[in-house]
Amino acid sequence: MSTSLGVIIKRLAMIFVVVGIVFGVMLIFSYDVIKIEWPSFMEIQPSFRPMENPLPPPGRSIPVEGAISIPGMGAPENPTIADETSIARGRELFAINCQMCHGATAEGNGPIAPFLVNFKPANLTSDVVQSKSDGSIFLTISNGLEDRMPALNENLTVSERWDVVNFIRTLKVSK
């Protein structure tokens with residue numbers, strides 16, 4: 001009887017050792033001690049970074065803020081009165097969004113300007129820029145210039161862009 005009890009104890013001990021080894025191996029894999037690359041469908045589908053090839057707006061759609069300009073109808077009229085509040089907001093928005101390229105004096109001499117090899121930022125105090133209509137400047141801010149200036153239509157609301165236009169108009173006077 002003692003030999004059969006000894007055999008049972010040895011077999012139970014062997015089972016506990018095997019179960020312990022299997023459990024230990026499972027713990028090693030579950031705590032990322034040994035990493036196994038498991039294929040997942042997330043890895044094989046196309047992915048995009050934010051703002052990388054954004055989708056164009058659907059045809060005949062109108063922005064939430066309303067139509068800012070109708071294609072083929074020319075530059076829009078400035079609906080924002082150039083009062084002190086608008087100019088102050090425009091100055092602040094210019095400092096945040098434009099000053100790095102155009103510079104503090106808006107002469108195209110910002111800290112990033114030396115690194116722009118192909119096209120230098122425009123001198124916003126020049127007669128060329130100041131002779132443009134408010135709507136033309138607004139559309140340039142909104143849509144940008146290909147390979148020269150990014151579009152700011154997603155960074156600034158319509159009213160904020162008009163405030164920047166009103167601030168740019170003060171640059172000629174203060175020159």
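This is a predicted model: local features need pLDDT of at least 70, side-chain atom pairs count only at pLDDT 80 or more; totals for chains, interfaces and linings use all residues.
Residues are numbered from 1 along each chain as its sequence is written, and side-chain values use heavy atoms, with hydrogens and water left out.

Let me begin with the rings. A pair of aromatic rings is described by the distance of the centres and the angle of the planes. Rings of Phe, Tyr and Trp, the last by its six-membered ring, pair if their centres lie within 6.5 Å, and planes under 30 degrees apart count as stacked, over 60 as edge-to-face and the rest as tilted. By this rule there are two aromatic pairs. In one of them, the ring centres of Phe94 and Phe167 are 5.3 Å apart and the planes stand at 50°, so this pair is tilted. It links distant parts of the chain, since Phe94 sits in helix 3 (residues 84–97) and Phe167 in helix 7 (residues 158–174), 73 residues apart; helices here are DSSP runs of H or I with at least four residues, numbered from the N terminus.

Are these two residues buried or exposed? Phe94 has 2% relative accessibility and counts as buried, as does Phe167 at 7%, where buried means under 20% relative accessible area, exposed over 50% and partly exposed in between, with a 1.4 Å probe and protein chains only.

Phe138 and Trp162 form a stacked pair, 4.1 Å centre to centre with 5° between the planes. Because Phe138 lies in helix 6 (residues 134–143) and Trp162 in helix 7, this pair ties together parts 24 residues apart in sequence. Phe138 is buried at 0% relative accessibility, and Trp162 is buried at 3%.

Turning to the core, a nonpolar core is a set of buried Ala, Val, Leu, Ile, Met, Phe, Trp, Tyr and Cys residues joined through side-chain atoms within 4.5 Å. The largest one has 19 residues, of which Leu124, Ile141 and Ile168 touch the most other members. Helix 3, helix 6 and helix 7 each supply at least two residues of this core, and the largest share, seven residues, comes from helix 7.

Finally, Thr125 is found in the loop between helix 4 (99–102) and helix 5 (127–130), and Thr125 is buried, with a relative accessible area of 4%.
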